[in-house]
Amino acid sequence: MNTRALDRQTIGELERFLRDDLARLETSLRAIARENRTAEKTGLTDVSLHAADTLQTEMQVTLVDRRTRQVAQILDALERLSHGQYGLCQDCEGFVGVARLRALPFAQRCRECQSQTEQRARREALAPRPELPGELEAA
Ligand SMILES: [Zn+2]
């Protein structure tokens with residue numbers, strides 16, 4: 001048990017934190033769903049109202065998307081917790097670290113692997129596309 005350097009009390013604390021977070025996210029998602037149902041029922045017909053509504057819907061979609069991903073991360077963390085895999089890095093299988101888990105209880109990677117993943121994602125996002133030489137700059 002001590003190989004992961006997480007004592008029962010710390011695990012209990014983090015689990016409570018995860019469950020609180022999960023409850024909060026689910027409440028928020030339910031509230032958004034309820035709001036959407038109400039909006040559908042009132043059936044906005046005015047064009048400007050409709051435009052505002054579309055913008056709001058787009059923002060909500062982004063919000064729902066982010067919250068849904070957070071819920072998935074938390075459920076994943078709780079799942080790992082129940083299998084005794086909690087706190088282990090997904091990539092190098094090293095211990096993520098208590099300080100990092102306290103800050104980010106659903107962290108899936110250690111600091112090092114996370115920053116490598118982020119760097120890789122940034123490089124891919126910024127990478128020039130060799131199959132389209134110069135076209136992006138010309139546009
Ligand atoms: Zn790692």
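Begin by selecting leucine 29, which touches Val64 and Arg67, residues up to four places away in sequence not being counted; two residues are in contact if their C-beta atoms, placed from the backbone, lie within 7 Å. Leucine 29 is found in helix H1, residues 8-42. Helices (H or I, at least four residues) and strands (E, at least two) are DSSP runs, numbered from the N terminus.

Is leucine 29 buried, exposed or partly exposed? Leucine 29 is partly exposed, because 16 other C-beta atoms lie within 10 Å. A residue is buried if 20 or more other C-beta atoms lie within 10 Å of its own, exposed if 12 or fewer, and partly exposed in between, with C-beta atoms placed from the backbone.

Before the next selection, two conventions apply. Residues are numbered from 1 along each chain as its sequence is written. The model is predicted: local features need pLDDT of at least 70, side-chain atom pairs count only at pLDDT 80 or more, and totals for chains, interfaces and linings use all residues.

Now show the whole protein. Its secondary structure comprises five helices and zero strands, in the order α-α-α-α-α along the sequence. Of its 139 residues, 9% count as buried. Among contacts with a separation of 6 or more, 57% come from residues 24 or more positions apart.

Next, select proline 105, in the loop between H3 and helix H4 (111-126). Proline 105 counts as buried because it has 24 C-beta neighbours inside 10 Å. It touches Leu14, Phe17, Leu18 and Ala77, again leaving out residues up to four places away in sequence. From proline 105 to phenylalanine 17 the C-alpha distance is 7.5 Å, for a sequence separation of 88 residues.

Continue to H4. Zero of its 16 residues are buried, so H4 lies largely in the open. At 1.5 Å a residue, H4 should span 22 Å, and its end C-alpha atoms are 22 Å apart, which agrees; the expected span is 1.5 Å times one less than the number of residues.

Finally, select glutamate 93, in the loop between helix H2 (47-82) and helix H3 (98-103). Glutamate 93 counts as exposed because it has 10 C-beta neighbours inside 10 Å. Its phi is positive, about 60°, although it is not a glycine. Most residues other than glycine have a negative phi.
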